[in-house]
Amino acid sequence: MRISKRWIPSVAVPAVIALGAVAVPLQANAVDLPDLSASEVMVLMQKSEVLEFSGTIVKVSDMGIPSLEFSSMVSEDMADEMAEKMPAEFADFVPAVIESNALTQAMELVSGTHNVRVYVSGQDKMRAQILDPMSQRDLIVNGDEFWIYDAKTATASTGTIDMEIDPAKQATAEKEVLDYAESIALDLSSPEAIANYLVDMIDETSTVEVGKDHSVAGRSAYQLLISPDADASLVERAEISVDSETGLPLRVEIYSTQQSEAAFSVGFESISFGPIDASLFEFAPPAGTVVTTLDSSDLEGYADKDSSNLEAELEATFKDAAKPQVIGEDWRSVVYLPALPADVPAELMATELFADMLTEVPGGKVFSSALVNVLLTDSGEVYMGAVTIEYLLSVSK
Amino acid sequence: MFAKSLSLSLMRSELRVMFTRRRTWAMLAAIALIPILLAVAVALTTEQLAPGEGPPFLDRVTQNGLFTGFTATLLALPLFLPLTMAVVAGDTIAGEASLGTLRYLLIAPVGRLRLLVVKYLGTIVFALAGTFTLMLAGGIIGAILFPIGPVTLLSGDQISLAESIGRMALVAIYTAISMSGLLAIGLFVSTLTTVPVGAMAATVVLAGVSQILDNLPQLSWLHEWLFTHYWLSFADLLRQPIELGSLASNSLLQLGYIAVFGALAYSRFTTKDILS
C-alpha cells in the first residue's frame with residue numbers, strides 16, 4: 001500500500017519542533033570573547049558595580065535526596081481532615097505537614113527549584129520576590145525601611161534599619177551574621193553572594209581556570225572553573241559565569257564528586273540593566289494583613305546584604321543556641337555544633353523519609369547528600385561539611 | 001475572494017450551529033454555576049477562613065468578590081473545564097460523521113483542510129466563551145454577595161478596579177490559550193472515529209494523564225513538554241510587576257501542540273474515506 005503524501009506534515013512538524021528544541025540552546029552557547037586569564041576574570045568580577053538591574057533567578061538543587069514536600073497546597077487542617085476520613089490502612093498516604101518554621105523553610109529553600117525575581121536600584125533599594133505556585137513571598141528594602149510579605153498567610157513584618165549605629169559595631173555584627181549564614185549555606189538565592197563566597201575560598205588548595213565563553217540569560221559570559229585539590233572535599237568543581245560587560249556573576253553551578261549533574265545551580269534566567277520604577281520599592285501592607293514590627297536591634301546591618309528573609313529569621317531563632325564552631329579551613333571546613341538545634345522539628349526526624357536518609361556509621365548516624373554530609377554522633381554532637389564521611393569521622397575523633 | 005467569503009460563511013454557520021445547540025448553552029450554564037455555587041457556599045458559612053487555609057484565594061473571596069472568578073478558574077481547571085472542552089472538540093468531526101452530515105458538508109465545494117480549520121476555530125471560540133463565562137459569572141455573583149474593590153495581588157500590591165477587571169480578562173484569555181492544545185488533540189481524536197462519545201472520553205483521559213504525569217517528580221524532564229504544565233501558572237498574571245514569562249512559554253507550548261495535532265488531524269482527515 002502506498003502511503004499518501006498527506007502524511008508528510010505529520011512527520012515534518014514534530015521533526016521541526018525536535019530540531020528547534022535541540023538547535024536553539026546550542027546556538028545560544030556559541031560565544032567568542034577576547035581571552036582573559038583567570039585572575040583577570042576575577043578582577044572583572046570584583047570591579048563589578050552594577051547598581052540597577054532586574055531579573056529572574058532560577059535556583060535548582062539536585063542533592064541526590066528526595067525533595068521534601070512542604071506542600072503549599074496542603075495545610076495542616078487539610079491533612080488532619082484527611083487523616084480522619086481515610087481508613088486506617090491508608091494512613092501512610094496522608095501528607096505529613098511538617099511544622100513550618102525558619103529551619104524547615106530554609107530546608108525547603110535549599111531543596112528543589114525556585115524562581116526568584118529581583119529588582120535592585122542603588123545600594124539601598126531592592127525587592128526580591130520568591131514566586132511560589134499560587135503564592136509569593138516578598139522582601140522589600142527601601143532606604144532605611146524594610147518589609148517582608150507572605151501572600152499565602154497574608155502576614156507582613158516590617159522594621160527600620162538604623163543608620164546611626166556605630167559603624168564598627170555594625171561591621172562586626174554584619175560579619176558575624178554573614179559568616180553564620182555562610183556556614184549553614186543559606187545565602188543561596190543570589191549568584192553574586194555565592195560567587196563571592198567561592199572566590200574567597202580560592203587559595204593554594206584550589207585550581208582556577210577559565211572555561212569556555214558562553215551565554216547566560218542572553219548575555220555573553222566568561223566562565224571561571226574552580227576545583228578544590230583536597231581529596232576530602234565533596235565539591236568536584238564550581239563554575240561561575242561572569243558577565244563579560246559588567247562583571248556581574250550571572251550563574252553559579254556546583255558539581256559534586258557523587259553525581260554527574262550539577263548538585264546546585266543558581267543563576268539568572270533573564271536580566272536587564274537600567275532604571276527601575278521607584279514605586280516598586282514602596283510597599284504598604286494590604287488591608288487584612290497581620291503586620292509584625294521587628295525590633296531593629298535584632299537585624300542591624302542586615303538589609304543591604306540580605307537576599308531572603310530567612311537569615312533574619314534564623315538569626316533570631318538561633319540567637320540563644322550554642323554558636324557553631326568551624327573546624328579546619330577552606331574546602332575542608334567542618335561546622336561543629338555541640339547539640340542538634342532545638343528547632344529541628346521532631347516530626348521531621350520521625351518521618352520515615354528522613355529515617356531512610358540516615359545511615360549508620362561507627363559512632364553515629366550520617367545524613368548524606370551530594371554536597372553536604374552531616375554526622376550525628378551517638379553523644380549528640382553534630383558535624384557537618386562539604387566533605388566525605390570518612391573525613392567527618394576523622395574530625396569527630 | 002470567493003474562497004474567502006466561503007470560509008467566512010462556513011465559519012458563521014459553524015458558530016451559528018454551535019451557539020444554537022442546547023448542549024452548548026447547558027455547558028456554559030454549568031460553567032457559570034461553578035463560581036455561583038462557590039460564592040453562595042462561602043457566603044452561607046459563618047466560619048471565617050484563616051489566610052492560607054483551603055484552596056488558594058478562597059479566603060480572599062469574602063473580602064473582595066472579584067476573587068470569586070480566580071478561585072472558580074482554579075477549581076474548574078483540573079477537570080471541569082477540560083471536560084467541556086473535550087465534549088466540544090471530540091464532537092467536531094466525529095459528531096458530523098455520526099449524524100451522517102459530514103458527507104453533505106464535503107459535497108459543498110469545501111476542502112477538508114478548510115473544514116478542519118473552521119471546526120478548530122469554532123472550538124477556540126467556545127473556549128473563550130467558557131473562560132469568560134467563568135470570570136464574568138464570578139465577578140457578578142461576587143459583586144452581589146461581597147464587597148468589591150481594588151484587588152490585592154500576590155505581591156501585596158493593590159491595583160485599581162479597572163486594572164483588576166483587565167487582569168480578570170487576561171486570566172480568562174490565558175486559560176483559553178491553555179485549552180487550545182487540548183482542543184487540537186480533541187480535534188485529531190475526533191477524526192479517528194465516528195463515535196463522538198469515544199473521542200470526548202479519550203480527550204478527557206489524555207488531559208487527566210497529562211496532569212498526573214506532571215505530578216510525578218521522577219518525570220521532571222518531561223514536565224515542560226506536557227500541555228497541562230502551565231495551566232495553573234495563570235497566577236503569574238496576578239503578580240506585580242506582571243510576570244509574562246509563563247504566558248509566553250504556555251503560548252509556545254500550546255502552539256506546538258496545535259501544530260503537531262493539527263498536522264496529524266490533517267493527514268488523517270484528508271486520507272480518510274468518508275462513508276457517512
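B:Arg167 counts as buried because its relative accessibility is 7%; buried means under 20% relative accessible area, exposed over 50%, and partly exposed in between, with a 1.4 Å probe and protein chains only. The model is predicted: local features need pLDDT of at least 70, side-chain atom pairs count only at pLDDT 80 or more, and totals for chains, interfaces and linings use all residues. Residues are numbered from 1 along each chain as its sequence is written, chains are lettered from A and ligands numbered from 1 in the order in which they are written, and side-chain values use heavy atoms, without hydrogens and water.

B:Arg167 lies in helix α7 of chain B; helices are DSSP runs (H or I, at least four residues), numbered from the N terminus. Beyond four places in sequence, B:Arg167 touches residues including B:Phe70, B:Leu153 and B:Leu237. Contact means heavy atoms within 4.5 Å.

Leaving aside neighbours within four places in sequence, B:Phe234 contacts A:Met134, B:Phe57 and B:Val171, among others.

Next, the helix pair. The axes (lines fitted to C-alpha atoms over the stretch in contact, with angles from 0 to 180 degrees between N-to-C directions) of α7(B) and α10(B), residues 245-271, come within 8 Å and cross at roughly 15°. The contact includes B:Tyr174 and B:Phe188 of α7(B), and B:Tyr257 and B:Phe261 of α10(B).

Key
Helix = DSSP H or I, 4+ residues; strand = E, 2+ residues; numbered from the N terminus.
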